[in-house]
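Me: I am new to this structure and would like to learn how to read it. Could you take me through it feature by feature?

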Amino acid sequence: MIQSREAGVLMKYTESIEIALPLEEVAQLLADPAHLPKWLRGLVRHEPLSGVHGHVGTQSRVVMQMGQQTFEATETITRREPTNLHGIPKGSVVYFEREIVSEGMWSAARERLTEAGSDTTLWVSENEYRFSGWLMRLVGLLMPGTFRKQSQQHMQDFKAFAEQGKDVREAKE
């Protein structure tokens, strides 16, 4: 869904993927900052500016490289439930939510992990973007599929990392 608003272009979409691992294992892998470079394609740097990585309120500097473009933003963790990812009760839902702000763009990602079977996890990712400034508004209007495609790629890369140990840094582009 794309809407043009006075405050900027608004875009929302939801993606999902099943991962052939138990919920607790997926949550721990997703939350571990040491694993980010292994599955988050294009990550150059992810460093906390304040707080503890992954905890609510933590702000981090995120630098991504996409082709010849470098993108820098500030990420703020807005929700992580449960806070302890060990001993997650059966039937629980795990939430990871964050806001990302850069020049001309604000986004929110709401990640939800649920059991999809005895050893399978469903990852649902709801994404929202607001663009301001003429260039980012134009990007949002003309290239909305790029954002969705990137989200799908990150989820597929995480699945390959979690299930098979594949590292995107070793992949041939």
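Me: Which residues does S107 touch, not counting residues up to four places away in sequence?

Reply: A contact means heavy atoms within 4.5 Å. With residues up to four places away in sequence left out, S107 touches R98, E99, I100, E128 and Y129. This is a predicted model, where local features need pLDDT of at least 70 and side-chain atom pairs count only at pLDDT 80 or more, while totals for chains, interfaces and linings use all residues. Residues are numbered from 1 along each chain as its sequence is written, and side-chain values use heavy atoms, with hydrogens and water left out.

Me: Is S107 buried or exposed?

Reply: Buried means under 20% relative accessible area, exposed over 50%, and partly exposed in between, with a 1.4 Å probe and protein chains only. S107 counts as buried because its relative accessibility is 7%. Across the protein, buried residues make up 39% of the 173 residues.

Me: Where does S107 sit, and which residue stands opposite S107?

Reply: Helices (H or I, at least four residues) and strands (E, at least two) are DSSP runs, numbered from the N terminus. S107 belongs to strand 7, and I100 stands opposite S107. Two strands pair if DSSP finds at least two bridges between them. Strand 6 (residues 94–102) and strand 7 (residues 105–117) pair in the antiparallel sense over 9 bridges. Their hairpin has 2 residues between the strands, and G104 there takes a positive phi near 80°. Strand 6 also pairs with strand 5, again antiparallel, over 7 bridges; R79 has E97 of strand 6 as its bridge partner.

Me: How many helices and strands are there in the protein?

Reply: The protein has 4 helices and 8 strands. From the N terminus on, the order is β-β-α-α-β-β-β-β-β-β-α-α.

Me: Which residues touch the most other members in the largest nonpolar core?

Reply: A nonpolar core is a set of buried Ala, Val, Leu, Ile, Met, Phe, Trp, Tyr and Cys residues joined through side-chain atoms within 4.5 Å. The largest one has 25 residues, and I19, W39, V94, F96, L113, W123 and F158 touch the most other members. Helix 1 gives the most to this core, with 6 residues. A second, separate core of 8 residues includes A73, I100, Y129 and F147.

Me: What is the volume of the largest pocket, and which residues are closest to its centre?

Reply: On a 1 Å grid over the protein atoms alone, a pocket is an open set of points where a 1.4 Å probe fits, with protein on both sides within 12 Å along at least five of seven lines; lining residues have an atom within 4 Å of a point. Grid points are joined across faces, edges and corners, and a volume is the space filled by probe spheres set on the points. The largest pocket has a volume of about 1,200 Å³. Of its 46 lining residues, M64, R98, I100, Q150 and H154 are the closest to the centre. Strand 5 (residues 69–81) supplies the largest share of this lining, 9 residues.

Me: And what about the second largest pocket?

Reply: Its volume is about 200 Å³. The second largest pocket has 10 lining residues, with R41, M66, Q150, Q153 and H154 nearest its centre. Helix 4 gives the most to this lining, with 4 residues.
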